[in-house]
Structure formats: C-alpha cells, structure tokens
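Please examine the sequence and the structure shown below. The paragraphs that follow lead through them step by step.

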Amino acid sequence: MNDITAIFQHYVETCRSIDIAESEFMKAIHEDSELRTAYREWCHEYGSTEREGFSDWCEEYLDTQNDVWNNLNDFDEQY
C-alpha cells in the first residue's frame, strides 16, 4: 500500500459519495493494520488528524477536479 491517496481516490470513485467512501475507508483501516499504519503516516506527514484526514483529502481532491472542469469551460468560452 504505497500510495494511500490512490486508495482514497479508489474509495471516492467507487462509492460516488464522500460520506459512504469515508465510512468504507474507515471500516477498511480498522480491518487492515497495514492500511491503518499507512494512513496514520500520511496524516502525520500532511498535518491532518486521523479523524479528518480522509475528508480533508476529499475536499482538496474535489476542488482540484472542479478546477479542471472550470479550466475546460474557460477554454471553451475563449474558442
């Protein structure tokens, strides 16, 4: 489990709901000690709490996705 953010993205894309994705991810970290360790390390590295780390990442991820769509819309409007 090298890239925890790829796992985050998998849950978001699979569940199609942030609340459900977070619930499923939290369930997974309780069942998988390796995943839990990777998550703790990621939270520590990025300055998030374990309680808020997943939702913090989701918020940033969704903002990034919105930026992509906004840039595409801006491009369409210019041409």
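E60 is situated in helix α4. In this predicted model, E60 has a relative accessibility of 57% and therefore counts as exposed, since the class of exposed residues begins over 50%. On the surface, E60 belongs to a patch of negative charge, together with E52, D56, E59 and D63.

Helix α4, which covers residues 53-78, has the lowest confidence in the protein, with a mean pLDDT of 76. Helix α3, residues 33-46, has the highest, at 97. Where pLDDT is low, predicted coordinates should not be read in detail. For the protein as a whole, the mean pLDDT is 87, and 81% of the residues reach 70 or more.

The overall architecture may be considered next. The protein contains four helices and zero strands, and its pattern along the sequence is α-α-α-α. Of its 79 residues, 28% are buried.

Which two side chains meet in a salt bridge? They are those of E50 and R40, with a distance of 3.2 Å from N to O. E50 lies in the loop between α3 and α4, whereas R40 lies in helix α3, so the pair ties together parts that are ten residues apart in sequence. In general, side chains of opposite charge can pair when their charged atoms come close. The structure holds one salt bridge. Both partners have intermediate accessibility values: E50 is partly exposed at 38%, and R40 is partly exposed at 44%.

Conventions:
Residues numbered from 1 in each chain as written. Predicted model: local features only at pLDDT ≥ 70, side-chain atom pairs only at ≥ 80, totals over all residues. Heavy atoms only, no water. pLDDT = per-residue confidence, 0-100. Helix = DSSP H or I, 4+ residues; strand = E, 2+ residues; numbered from the N terminus. Patch = residues over 30% accessible without salt bridge, like charges linked within 9 Å, V, L, I, M, F, W, Y side chains within 5 Å. Areas by Shrake-Rupley, 256 points an atom, 1.4 Å probe, with all protein chains shown as cover. Salt bridge = Lys/Arg side-chain N within 4 Å of Asp/Glu carboxyl O. Lys, Arg positive; Asp, Glu negative; His and termini not counted. Charge placed at Lys NZ, Arg CZ, Asp CG, Glu CD. Buried < 20%, exposed > 50% of the residue type's maximum accessible area, 1.4 Å probe, protein only.
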